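Open the model in your viewer and keep the selection tool at hand. We will go stop by stop.

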Amino acid sequence: MAANPNPIKVVPPPWTVHYEAYVGAFYVSAKSGLPRDIAYEPLEASSAKTTEAGVWKGGMVMIQLLRYTSTPVGPYDEMILLPGNFEVPGGHGSHTRITRTYVSQRDTMFNGMNVVVYCLVQLTKAQGRKYWNLPKHIARFKYTGDFSSPPFTVQLFPEEAGIETPFFTASLQHFAVWTPSFPFSSNVMRWLGVPNSLVQPPLPEGEPQELLCGTDAWYKVTASIYSPKAKIVWMDLKQHGKDGQSDNKNWWPGIKRWHVGLWLQNTQMYLGDPEVLSV
């Protein structure tokens with residue numbers, strides 16, 4: 001079998017990464033219902049691995065916009081959605097999870113999944129590596145302004161060329177003319193009642209298989225995060241390219257336009273091996 005001329009870089013955990021991030025949050029009730037077209041990519045939304053992965057309980061929805069400056073697979077941008085808590089089968093309680101995430105390069109997309117590699121790099125089934133069950137997809141990121149100096153706007157487009165209507169838009173602005181900075185860590189998250197761990201269900205397989213590999217196990221993923229300089233910011237979720245009349249003009253149905261968020265600078269995150277759950 002011919003070698004892949006542009007093989008994906010396979011990097012098992014642990015990972016230590018450095019990045020800058022903006023995190024916006026808002027609360028939604030389970031009574032409002034989970035908007036599946038917002039919470040999932042079509043691949044995950046149509047799979048039994050998703051539909052049978054526990055009841056959505058509502059809670060704190062978080063949107064994260066990240067620019068990684070140093071990772072084992074190089075720099076890249078990412079958008080992450082954590083839409084609150086889900087009941088985990090098997091008596092594991094309720095946990096938050098990532099249901100949708102977009103990255104700007106393919107190596108991180110592959111490494112975010114638990115992969116048994118067949119044809120890509122000619123590994124055997126026994127050499128499959130455990131990762132984090134993150135449902136990554138590739139998108140085009142377009143910025144107006146400087147990511148490291150608000151105000152700026154980011155728009156996400158499908159990977160395919162020629163599509164010029166973004167499927168997600170967010171704008172970041174300073175909270176006030178001057179706001180103090182403060183250190184932020186995963187310990188602070190726990191004190192605020194925000195867990196620093198996720199429970200991720202298995203992923204369905206898509207095409208191309210070397211990128212959209214399916215997985216079978218449930219993983220508990222714990223991150224250790226520290227930023228020496230965090231600031232409060234505003235996140236504007238008014239969507240561009242919408243008709244302005246639909247219920248999701250501010251992206252998530254029924255929410256307001258402006259949300260308080262955090263700007264995390266010079267951030268370091270450590271991701272180790274996931275814990276395999278019996279579900």
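**Stop 1: R67 and D77**

Select R67. In this predicted model, R67 is partly exposed, with a relative accessible area of 27%. D77 forms a salt bridge with R67, and the closest N and O atoms are 3.0 Å apart. Color the strands to see what is linked: R67 sits in strand β2 (residues 56–70) and D77 in strand β3 (residues 76–87), so the pair ties together parts that are ten residues apart in sequence. D77 is buried, at a relative accessible area of 10%.

**Stop 2: T71**

Stay in this part of the chain and select T71. T71 is placed in the loop between β2 and β3. Is T71 buried or exposed? T71 is buried, because its relative accessible area is 13% and the cut-off for buried is under 20%.

The T71 side chain reaches the backbone oxygen of G74 at 2.6 Å. The T71 side chain also reaches the backbone nitrogen of V73, at 3.0 Å. Then look past the neighbours within four places in sequence: T71 is in contact with V17 and Y76.

**Stop 3: K136 and E78**

Return to strand β3 and pick E78. Which residue pairs with E78 in a salt bridge? The partner is K136, with the closest N and O atoms 3.7 Å apart. K136 lies in strand β6 (residues 136–146) and E78 in strand β3, so this pair ties together parts that are 58 residues apart in sequence.

**Stop 4: E41 and R100**

Select E41 and R100 together. These residues form a salt bridge, with the closest N and O atoms 3.4 Å apart. E41 is in the loop between α1 (36–39) and α2 (42–45), while R100 is in strand β5 (residues 100–103), so the pair ties together parts that are 59 residues apart in sequence. Both ends are covered. E41 counts as buried at 18% relative accessibility. R100 is buried as well, with a relative accessible area of 12%.

The structure holds five salt bridges. Among them are the pairs D77 with R67, K136 with E78 and E41 with R100.

**Stop 5: H259**

Move to strand β12 and select H259. At 4% relative accessibility, H259 counts as buried. Look for a polar atom of the H259 side chain: the backbone oxygen of K256 lies 2.8 Å from it. Which residues does H259 touch, not counting those up to four places away in sequence? They are A25, F26, V233, W234, M235 and L237.

**Stop 6: V260 and the surface patch**

Step to V260, in strand β12 (residues 258–271). V260 is partly exposed, with a relative accessible area of 44%. With V260, they form a nonpolar patch on the surface. Together the three have about 220 Å² of accessible area.

**Stop 7: The whole chain**

Zoom out and show the cartoon. The chain has five helices and 13 strands. Of its 279 residues, 50% are buried. Take contacts between residues at least 6 apart in sequence: 70% of them join residues at least 24 apart. The chain exposes about 13,200 Å², and carbon and sulfur atoms supply 54% of it.

**Stop 8: Confidence**

Color by pLDDT last. The mean over the chain is 84, and 84% of the residues reach 70 or more.

Select residues 113–130. The pLDDT there is below 50. Beyond near neighbours in sequence, this stretch has 45 contacts in the model. Then select residues 242–246. The pLDDT stays under 50 there too. For residues 242–246 the model has two contacts beyond four places in sequence.

Technical notes: Residues numbered from 1 in each chain as written. Predicted model: local features only at pLDDT ≥ 70, side-chain atom pairs only at ≥ 80, totals over all residues. Heavy atoms only, no water. pLDDT = per-residue confidence, 0-100. Contact = heavy atoms within 4.5 Å. Patch = residues over 30% accessible without salt bridge, like charges linked within 9 Å, V, L, I, M, F, W, Y side chains within 5 Å. Areas by Shrake-Rupley, 256 points an atom, 1.4 Å probe, with all protein chains shown as cover. Salt bridge = Lys/Arg side-chain N within 4 Å of Asp/Glu carboxyl O. Helix = DSSP H or I, 4+ residues; strand = E, 2+ residues; numbered from the N terminus. Buried < 20%, exposed > 50% of the residue type's maximum accessible area, 1.4 Å probe, protein only. Polar contact = N/O pair within 3.5 Å; in protein donor to acceptor, adjacent residues only side chain to side chain.
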